[in-house]
Every structure is written in structure tokens, then in C-alpha cells.
Amino acid sequence: MEQQKPKKHILVALVENKPGVLNRVASLFRRRNFNVDSLTVGRTHKPHISRMTITVDSARMDPRRIATNLFKLINVIDVAVVSQEPHVSRDLALVKVRANDAESRNSLTLICERYPARIVDIGPDVAILEIVGQEEQVEEFIEQVKPLGIVEMVRTGVVAMGRGTRILDSAYEPVVPVTSNGNGANYQQYSV
Amino acid sequence: MLLSGAEIIMECLLREGVEVMFGYPGGAILPTYDAMTKYPQIHHVLVRHEQGAGHMADGYARATGKVGVAIATSGPGATNLVTAIATAMMDSSPIVCITGQVPRGSIGTDAFQETDVTGVTLPVTKHNYLVMDVHELPYIIREAFHIARTGRPGPVLIDVPKDVQNEKIEFVYPEGELTLPGYHPPKETDHKDIEAALELIHSSERPIILAGHGILMSGAMQEVRELAERAQIPVALTLLGKGAMPEDHPLVIGMMGMHGEAASNYAIQEADLLIALGMRFDDRVTGNLNTYARKAKKIHIDIDPSEINKNVKVDVGICGDLRAVLTQLLPHVASMSHPEWLNRIRDWQEDSDERDILNQQVDKLLGAQVINDLWKFTGGDAITVTDVGQHQMLEAQYYPHKRPATLITSGGLGTMGFGLPAAIGAKFGRPDEEVWAIVGDGGFQMTLCELATAKQENVDINIAIINNAFLGMVRQWQEFFYEERYQATPMFNPDFVRLAEAYGIPAMRVTSRDQIEESVQFARSVKGPALVEYVVEKEEIVYPMVPAGADLDAMMRRPKPGEGK
Ligand SMILES: Cc1cc2nc3c(=O)[nH]c(=O)nc-3n(C[C@H](O)[C@H](O)[C@H](O)COP(=O)(O)OP(=O)(O)OC[C@H]3O[C@@H](n4cnc5c(N)ncnc54)[C@H](O)[C@@H]3O)c2cc1C
Ligand SMILES: Cc1ncc(C[n+]2csc(CCOP(=O)(O)OP(=O)(O)O)c2C)c(N)n1
């Protein structure tokens with residue numbers, strides 16, 4: 001029986017790029033008993049700002065509760081629920097599958113043609129497939145290759161961005177780029 | 001000026017206006033203790049346990065609205081602070097805790113007395129810092145005080161490695177604006193929300209104001225009173241909201257919730273509009289959420305966006321500083337009257353009066369009588385600092401407060417052991433006020449070591465022990481819900497009078513009601529700490545009581561005289 005896939009909410013948080021910030025966010029989720037499906041962290045075009053993408057099961061979590069709590073963290077600069085507006089989202093998976101005969105190689109190629117996927121490595125026994133797409137697409141793709149025999153897999157988790165001119169950015173600029181290794185304030189950001 | 005990190009800490013505290021700090025020394029914080037000798041302007045109070053230091057800072061903060069400061073060494077010193085930090089966090093009390101840490105190079109090596117204190121305190125602080133560069137220290141201290149006292153206040157911890165305290169740098173105090181990109185002061189309220197709130201207020205026939213701690217923190221007492229008076233809205237208080245409006249005001253019904261006034265709880269259940277001001281719908285306030293105030297529309301004004309729609313779904317949620325929001329709202333509030341509604345409430349109140357134990361003939365000394373007489377003989381004007389338990393609830397019921405910040409009590413965490421140290425802290429903050437610690441025999445023994453602190457500092461507080469020889473509140477639950485199986489609640493107690501005297505603290509024992517007035521005079525006559533032990537009925541019950549999770553109006557009530565149990 002086909003199960004109805006629960007809808008996901010996607011939140012994006014701009015955070016200060018400082019040690020310990022990921023810990024604070026993770027600790028918040030644990031403490032508040034928030035059920036989070038995926039959490040990714042990466043850099044932005046500004047070295048002092050990182051960006052987190054958080055997906056949650058909308059049936060189980062009100063994204064506003066997460067947003068308002070995230071907002072309270074001192075190192076979180078801004079939060080948006082991007083799934084409530086037009087947006088683009090991507091998940092990337094690397095899938096290592098058995099490919100030790102012509103038939104399986106053939107199937108792989110065919111499956112990859114139907115998805116935003118490609119073969120990025122191939123040897124006598126196994127191949128690595130890469131797919132970049134919406135989360136549901138990635139999941140569908142994985143279902144397709146499963147019968148061939150997945151031996152290893154990794155996913156990045158979802159990243160997302162609002163469409164159009166809705167910009168999620170911060171005007172905040174430290175005076176001098178952050179260099180400190182502490183999780184404290186960065187004195188360079190103040191003009192003395 | 002070339003200063004060590006330790007001296008920078010003291011310089012910065014001085015600039016924050018710190019006049020007193022509560023603490024306990026040890027290896028990792030010794031450089032800062034040594035630097036204190038150069039800063040006699042800041043008085044250091046030596047406590048007997050770091051938990052006491054935290055509660056003193058908290059009591060000081062609640063009494064003054066200023067930031068309280070506690071200081072401790074690494075490892076066990078810091079972990080001893082944790083209960084006090086969690087207490088301050090739950091009740092939004094602004095404190096800054098400074099802890100020593102092992103030198104930077106030793107962090108992560110399980111060095112002697114190393115604990116990951118920023119890790120341990122992460123969930124119980126508003127924010128915390130580990131200072132890895134001495135240059136950051138002045139900025140961090142400024143930020144810490146700013147974060148602790150602004151927005152929704154809370155505890156901030158600063159962990160300072162010993163070598164950072166020792167390192168010398170050229171000290172320049174950072175003036176000017178702080179750069180906290182992720183710290184958002186509340187914005188101006190959308191006028192649409194104000195209009196929506198006004199509409200609900202003006203169309204309501206049975207409104208009630210739920211007055212919380214946020215009123216005191218925002219300093220919105222006058223605005224709340226104006227709103228209540230103009231629209232003739234009755235006011236129920238949370239435990240921490242006591243003092244938000246004078247309790248002798250005719251519109252004030254009294255405390256709501258588990259041990260609140262029956263009239264308040266009935267009124268909430270019957271109301272057609274709740275106006276929640278700076279309160280967070282704690283489960284001790286709401287009882288069963290599914291049946292809570294079902295007939296009412298709800299307006300919630302709170303500075304913390306995550307509080308709105310957290311426990312109770314509301315029709316109008318306004319996020320902002322209460323005083324600012326009410327200032328926007330008030331000019332548009334019409335004069336109203338709700339005579340029928342107020343009469344209904346008065347009927348409930350009269351019914352309660354009939355049941356009131358104080359209006360009944362009892363030949364034993366009751367905690368309720370002691371508290372009510374303390375109220376009478378202190379002119380209802382003392383700062384009372386309670387511990388946790390039955391005596392705390394009796395205080396809430398029988399010591400009406402007229403002024404803000406005159407009841408200091410651990411509400412959200414319910415921390416036994418809070419009373420005595422918090423009273424010491426409160427007295428440091430408001431030395432001209434009469435301060436009474438009202439404590440149970442159980443909770444008192446959790447932090448009684450601070451008697452020595454009170455004596456050493458000659459802190460002029462009065463300590464009232466309500467001794468029922470039981471962990472009374474737990475005993476009450478056992479009586480109601482565990483068929484009177486008093487497992488681990490009867491207490492062996494020391495002779496509290498001789499105990500106090502061993503500390504050089506004058507003390508007296510009271511066993512009958514006619515001694516209470518004398519005991520108050522005695523305590524007041526002592527310059528410095530004084531202790532009075534009130535030996536009360538062992539099996540007193542605090543009524544009314546909403547059993548945990550029950551409907552708010554399903555209260556267990558004291559029978560009326562003649563009705564029997
Ligand atoms: C044994 C025991 C029994 C108890 N029984 C009861 C009971 O019967 N009744 C009862 O009421 N309590 C009771 N309590 C206390 C209860 O657990 C809560 O601590 C209390 O109800 C919290 O009150 P509050 O929401 O007003 O304060 P807080 O918990 O301090 O919340 C304050 C709120 O105000 C907001 N705020 C802060 N500053 C501002 C500002 N400037 N502007 C706007 N909003 C602001 C905060 O964001 C927060 O939401 C009991 C506790 C114990 C230990
Ligand atoms: C540190 C801590 N441990 C346990 C409790 C649970 N507890 C709540 S009230 C209470 C009894 C308090 O007894 P006592 O101090 O004698 O005061 P009384 O209720 O008799 O007035 C206990 C054990 C608590 N609140 N705090």
C-alpha cells in the first residue's frame with residue numbers, strides 16, 4: 001500500500017560563524033524535544049555568517065515554534081520558514097551500488113537518465129551515483145536503485161532558498177574578519 | 001593601562017555598576033580573587049556553598065531589577081552553581097556568573113577540576129561564554145550584562161581560563177554600541193494587533209486580566225492598573241506576578257492556579273476574554289489545557305515570541321515589551337463597566353471567605369495563621385522571600401503584597417533551599433527594607449550553611465522557619481493521592497533555636513499564636529540576622545488545590561464549617 005508522504009517544512013537560519021553555534025542549535029532541539037528531520041550547516045558568501053537549513057515533519061512540528069526558539073539564540077541572526085513561500089530546495093545523495101554485470105550497469109544508466117543523476121565513479125564491482133534534486137526526487141531515485149543492491153550511501157540533507165528578490169541576508173559586518181578561536185565575542189568586530 | 005585579565009574583569013564589573021558580588025574562591029579563580037584586593041569598591045560576600053552565591057545574586061536581582069553577580073572556581077565550584085542558574089533561568093532573573101576554568105592549554109585533557117561548564121550550563125543559561133582570548137574579555141562582560149538584563153532577562157555565564165585571567169594587555173574599555181547581530185530587541189507593535197486586541201476588549205462582557213511577572217520586569221504596574229480600572233476588568237495574579245497590582249485593590253481577585261483563589265480559577269473558566277500580560281501559562285496556572293478557559297477569547301502580550309501560542313493558543317498574540325505595548329493600547333481603551341461579572345466574582349469570594357481557615361476556630365497553631373500574623377505585624381510591607389512548599393503557598397494566600405518586587409520566590413523551578421540565600425541577596429540590594437525569609441524546616445536545611453554568611457556579613461534579615469516536622473507539601477500529596485503513606489516525609493530536625501545560637505544568631509521559638517507579635521518585635525529588634533522557629537500543626541493542608549493536570553475549576557476545597565469532610 002502506498003503511504004502518503006508527510007509534508008515537510010523547511011527553515012533557514014543565518015547564524016554567526018563561531019565555534020559552538022551548531023552545539024547551541026542542536027542542544028535547543030534536544031531540550032525542547034523538537035523533532036528535526038535534517039539539519040545542514042554551510043558557509044555563505046560572507047565568512048562570518050553560516051547558514052543552516054532545517055527540515056521538519058509538518059504533521060509533528062509547528063515550524064513557528066522552532067523559528068521563535070531559534071530566534072532567541074544570541075548567535076542566530078535571522079530565521080525564515082522558506083517552505084511557506086516559493087522556494088528552491090535541493091538534496092544531494094551519493095549512492096554506491098553493486099554494478100558487477102552488464103545488466104546492472106545498464107539499469108543504472110537507464111535510471112540515471114530519468115533523474116537529475118549521474119554515474120560519478122565506476123569500477124568492476126560497484127558504481128557511485130550522484131543525484132541532486134528535491135528531497136522527494138532523491139527518495140524516489142533511491143527506491144529505484146535499491147533492487148540493484150545499495151552498499152553505501154550518504155546524503156547531505158536539504159538546502160533551500162526562497163525564490164525571487166526575497167533575500168535572506170544580514171547587513172551585519174564585523175569590522176575586521178573574525179579570527180578568534182573562542183566562542184565568545186569577537187573584539188575585532190567593535191571599533192574601539 | 002596594562003592590566004591582567006583578572007583586573008579587567010574587576011574594571012568591567014565596576015563600570016557595570018556592580019557594588020556586591022557573591023562567591024567562593026578556588027584555584028582556577030584565584031587570580032580574580034587577588035585582583036579584588038585592588039577594587040574595594042566592590043564588596044565580595046563569602047558564601048558557604050556556591051549554590052548560595054547563585055541564589056543570593058538572584059535574590060539581589062529580583063529585589064533591585066539590577067544584575068546580580070556570582071563568582072566561583074572551576075569544576076565543583078561551577079557545578080555547584082548550576083541549580084541556582086537553572087532557578088534564575090526559569091524565572092527570568094538577570095544574573096551574571098563568572099567561573100574560573102583550567103588554563104586554555106589544559107582544556108579537554110581532564111585536567112584537575114576541569115568541567116565543561118559552558119556545556120553543562122548551555123540549556124540553563126540565556127547565553128554563555130568561554131573566553132579564549134583576553135582581548136575579548138571586556139566585550140564579553142559588557143555583552144553578558146546587556147543580555148542578562150534586557151529583553152526577557154536571564155542568567156549569563158562567563159567561563160574564564162586561569163591563564164586568561166593572568167595575561168596582561170593594554171586595557172581600553174569598549175565604549176559605544178554593542179554589536180550583537182543575533183540579539184533582537186522587540187520591534188514596534190503592529191497597529192493591527194492593537195486594534196484586534198481593542199476589539200476583543202470592547203466586546204467582552206466577562207474579561208479577566210492575568211497579571212504575570214513580566215509586568216514587574218517591564219515596570220508596567222501603572223499601565224496595567226489603568227487598563228483594569230478604566231475597563232473595570234478583574235485581575236488575577238500569578239505567583240510571580242504578585243505585587244503587579246496592590247492586592248488590596250478591589251479589582252484584584254488574587255492568585256490563580258493550583259493553589260490560587262477559587263474565585264480566580266472560576267473566573268478564568270467562566271470568562272469570555274483572557275488578557276494575559278507577561279505571564280507564560282505555566283502548567284501550575286492552567287491545569288488541564290484541554291478544558292482551560294474554553295469560553296474565552298485570548299489576548300497574550302509577552303516579550304518572548306516563543307511564549308505566544310506555546311501552551312495556550314491565543315486569538316491575538318502581541319510580542320513586545322509590555323509597558324510599550326500598553327502605552328500604545330491605553331489611549332484607545334474605552335471606559336467600561338461589568339457590574340454583573342464583578343458581582344459573580346464577589347459571590348465566589350464570599351463563598352471562599354466562609355471556608356477560610358482563618359475564620360474558623362482552631363486550637364492549634366497553623367502555618368496560615370503565622371503567615372497572616374506576620375503580614376499584620378509587619379504592616380504588610382516587608383519584602384518576603386520564601387522557600388518552596390506549603391509555607392510558600394500559604395505566603396501567597398495570606399500575605400497580600402502592596403508593592404512590586406516584595407515577594408521573592410522560586411516559581412518555575414521550585415528550588416528548595418532558595419529562601420535563605422535569596423533573602424540575604426535581597427537585603428544587600430534593598431538594605432533599607434525589612435526582609436523576611438519564610439522557609440520550611442525541610443528547605444531551610446538545604447542551604448542553612450548560609451546562616452554563617454548572614455552572620456559574618458551581619459545581614460539584617462529575619463528568618464521565619466515554619467516547622468511542621470514534615471516535608472509538608474509532599475506529605476499533602478501523599479495524604480491526597482497516596483493514601484497517607486508518608487514515605488520519607490517525616491523529618492528529624494535539629495533544635496533550630498540552639499542551631500541559630502551556635503552561629504551567634506539570636507533566636508526564639510513560638511508555639512502559640514499569642515507569641516507571634518512578640519516574635520516579630522524580637523526579630524525586628526535584632527540588628528543583624530534573627531531567627532524565629534514557629535512550631536506549627538504537622539498535618540495542615542493548603543486549600544484550594546487543583547490536582548496536577550486536573551481541570552482548573554475541579555479544585556479540592558476546604559469544606560465549609562459544619563459540612564464535614
Ligand atoms: C509549590 C509550587 C506551587 C505553585 N503554585 C502556583 C499557583 O498556584 N499559581 C501560580 O500562579 N503559580 C504557581 N507556582 C509558580 C509557577 O510554577 C510559575 O512559576 C508561575 O506561575 C510563573 O508566573 P509568570 O508566568 O507570571 O512568571 P514567569 O515564569 O517569570 O514568566 C514571565 C513572562 O513574562 C514575560 N516577560 C518578561 N519581561 C517582559 C516584558 N518586559 N514585557 C512583556 N513580557 C515580559 C516572559 O517572557 C515570560 O513569558 C507554583 C510554584 C511552586 C514551586
Ligand atoms: C531541591 C528540591 N528537592 C525536592 C523538591 C520537592 N519538594 C517540593 S515541596 C517539598 C517539601 C518542602 O518541605 P518543607 O521545606 O518542610 O516545607 P513545607 O512544605 O513543609 O512548608 C519537596 C520535597 C523541591 N521542590 N526542591
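Modeller: The side chains of Arg509(B) and Asp495(B) meet in a salt bridge, with N and O 2.6 Å apart, the term standing for a side-chain nitrogen of Lys or Arg within 4 Å of a carboxyl oxygen of Asp or Glu. This pair links distant parts of the chain, since Arg509(B) belongs to strand S19 (residues 507-510) of chain B while Asp495(B), 14 residues apart from it, sits in the loop between helix H21 (472-481) and helix H22 (496-502). Helices (H or I, at least four residues) and strands (E, at least two) are DSSP runs, numbered from the N terminus. Both partners are partly exposed, Arg509(B) with a relative accessible area of 35% and Asp495(B) with 30%; here buried means under 20% relative accessible area, exposed over 50%, and partly exposed in between, with a 1.4 Å probe and protein chains only.

This is a predicted model, in which local features need pLDDT of at least 70 and side-chain atom pairs count only at pLDDT 80 or more, whereas totals for chains, interfaces and linings use all residues. Residues are numbered from 1 along each chain as its sequence is written, chains are lettered from A and ligands numbered from 1 in the order in which they are written, and side-chain values use heavy atoms, with hydrogens and water left out.

Elsewhere in chain B, Arg62(B) forms a salt bridge with Asp58(B) at 2.6 Å, N to O, and these two residues lie four residues apart in helix H3, about one turn of the helix. Arg62(B) is buried, at 13% relative accessible area, and Asp58(B) is buried as well, at 0%. Arg62(B) also forms a salt bridge with Asp91(B), where the closest N and O atoms are 3.1 Å apart.

Between the chains, the rule finds one salt bridge across the interface of chain A and chain B: Lys72(A) pairs with Asp304(B), the closest N and O atoms being 2.7 Å apart. On the side of chain A that touches chain B, helix H1 (21-31), helix H2 (63-72) and strand S4 (76-81) each supply at least two residues. Over all chains, the count by this rule comes to 47 salt bridges.
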